Amino acid sequence: MVFIWGDVGQFASVEFLPKDVTKIKLPLPLKHYVFQALISKYKRIKNKFPPTMRFEINQDAKNISVDELQPSEFEKKIFSTLSQSEQIRKISPKIESTDAEVTPIVLAFREIGLVRADSDPKRKPQAIATPQAAANVPGGDDFTKADEMNVLNKLKDIDTIDYFDLLGVKNDINNAELQKVYFSLAKKYHPDRIKMKMSIAVKDAERFFAKVTEAYNTLSNPVLRKEYEFTHSKEAVAHEELMHRIMKSESVYLEGQAFLNKNQFNEAVDKLKEAIAIYDKEPEYFITLGWALFRQGARDRLSSKIAEGKKLLVDAYVREYQLALVSYYLGMVSKHENKIDDAIKFFRKCISVEPTHSLAASELRFLERKQDEKGGKKK
């Protein structure tokens with residue numbers, strides 16, 4: 001069962017919608033089921049991210065609290081460890097668990113908005129101490145219109161600006177040169193001086209100077225600099241883009257699956273193909289598309305669609321033999337084509353992979369009973 005929590009209102013959706021729907025009162029808040037569904041999703045996706053990426057509680061989270069999710073004691077324990085910015089690999093030993101168990105829960109908290117990562121846009125900067133030396137350096141640099149425009153332009157993207165760009169230095173600058181640059185910037189752009197020399201709001205002047213100081217403190221610390229460079233590297237950016245694609249494709253796939261459950265095969269095929277175009281590494285997408293094409297072809301009597309769908313399913317069966325879904329759909333194809341022995345074989349395979357697959361179990365009981373009755377009549 002898949003629960004979806006919308007931005008406006010709350011609602012639930014199921015993967016296989018029965019003909020007769022009975023409204024029931026959920027024993028726990030809907031947000032609890034959303035949270036658990038997200039954990040299940042991330043267990044399947046097996047999200048990978050830079051090992052140095054840090055996660056922390058999002059103090060700016062709105063319209064949601066951890067208590068509303070009704071997490072387990074284990075999940076609460078994970079959440080509490082994020083009161084300070086922490087890496088997954090350092091959380092696991094603290095709670096005597098493994099990264100594989102901790103990661104899906106942290107990512108579920110993140111998607112809901114209760115947790116953020118250091119790669120998230122517009123994240124709240126951590127409090128960083130300003131070196132006292134900078135504040136004590138006497139000012140004397142003259143301001144130009146270009147200086148004022150520099151501050152105004154960088155304020156536009158102050159939450160996401162690259163630290164090297166903010167300080168106006170190259171990526172290979174050493175600490176001695178970096179300190180000189182920072183002290184020079186501190187003299188020129190200290191909030192007290194900006195207020196006197198520029199037509200910039202006090203809060204913006206303070207915000208700009210705080211960000212400059214944050215950039216210096218990060219880049220002047222070898223450990224923090226290494227982590228910053230890694231998380232802002234092409235590899236990290238590519239990873240973030242990949243995760244956005246995976247999330248988008250999952251959303252589109254669920255739309256296609258919903259259409260399929262309603263027997264709207266044309267719409268289902270379109271959505272499933274769109275999901276594959278976004279991210280083509282998920283076997284489940286191809287399997288479901290194969291079944292949708294077969295159903296579409298059977299309904300419209302199009303042999304080409306039937307053949308295309310069966311080929312996708314057979315190819316997936318060969319490559320992904322241990323996925324229950326492909327065995328179930330091949331069983332349904334065989335049943336539709338009245339190949340009862342093949343259907344029974346596929347349903348049995350499905351149950352051997354996933355013993356709790358109730359649909360396959362139901363189909364298998366029906367076909368075996370039908371086969372027994374047929375054998376009895378022959379006698």
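In this predicted model, helix H8 packs against helix H10 through a set of side-by-side contacts: Asn175, Leu178, Gln179, Tyr182, Leu185, Ala186 and Tyr189 of H8 meet Phe208, Phe209, Val212, Thr213, Tyr216 and Leu219 of H10. By residue type, this contact is made up of ten nonpolar and three polar residues, with no charged ones. H8 spans residues 175-189 and H10 spans residues 202-219, and their axes come within 11 Å of each other, crossing at roughly 170°. Because angles over 145 degrees count as roughly antiparallel, H8 is roughly antiparallel to H10.

Attention now turns to a histidine in another part of the chain. His357 lies in the loop between helix H17 (340-353) and helix H18 (358-378). Its relative accessibility is 11%, and since the limit for a buried residue is under 20%, His357 counts as buried. The side chain of His357 reaches the backbone nitrogen of Ala360 at 3.2 Å. Setting aside neighbours within four places in sequence, the contacts of His357 are with Ala324, Tyr328, Cys350 and Ile351.

The secondary structure consists of 18 helices and five strands, and 42% of the 379 residues count as buried. Of the contacts between residues at least 6 apart in sequence, 66% link residues at least 24 apart.

Key. Residues numbered from 1 in each chain as written. Predicted model: local features only at pLDDT ≥ 70, side-chain atom pairs only at ≥ 80, totals over all residues. Heavy atoms only, no water. Helix = DSSP H or I, 4+ residues; strand = E, 2+ residues; numbered from the N terminus. Buried < 20%, exposed > 50% of the residue type's maximum accessible area, 1.4 Å probe, protein only. Contact = heavy atoms within 4.5 Å. Axes fitted to C-alpha atoms, helices over the stretch in contact; angles between N-to-C directions. Parallel < 35°, antiparallel > 145°, perpendicular 65-115°, else oblique. Nonpolar A, V, L, I, M, F, W, Y, C, P; charged D, E, K, R; others polar. Polar contact = N/O pair within 3.5 Å; in protein donor to acceptor, adjacent residues only side chain to side chain.
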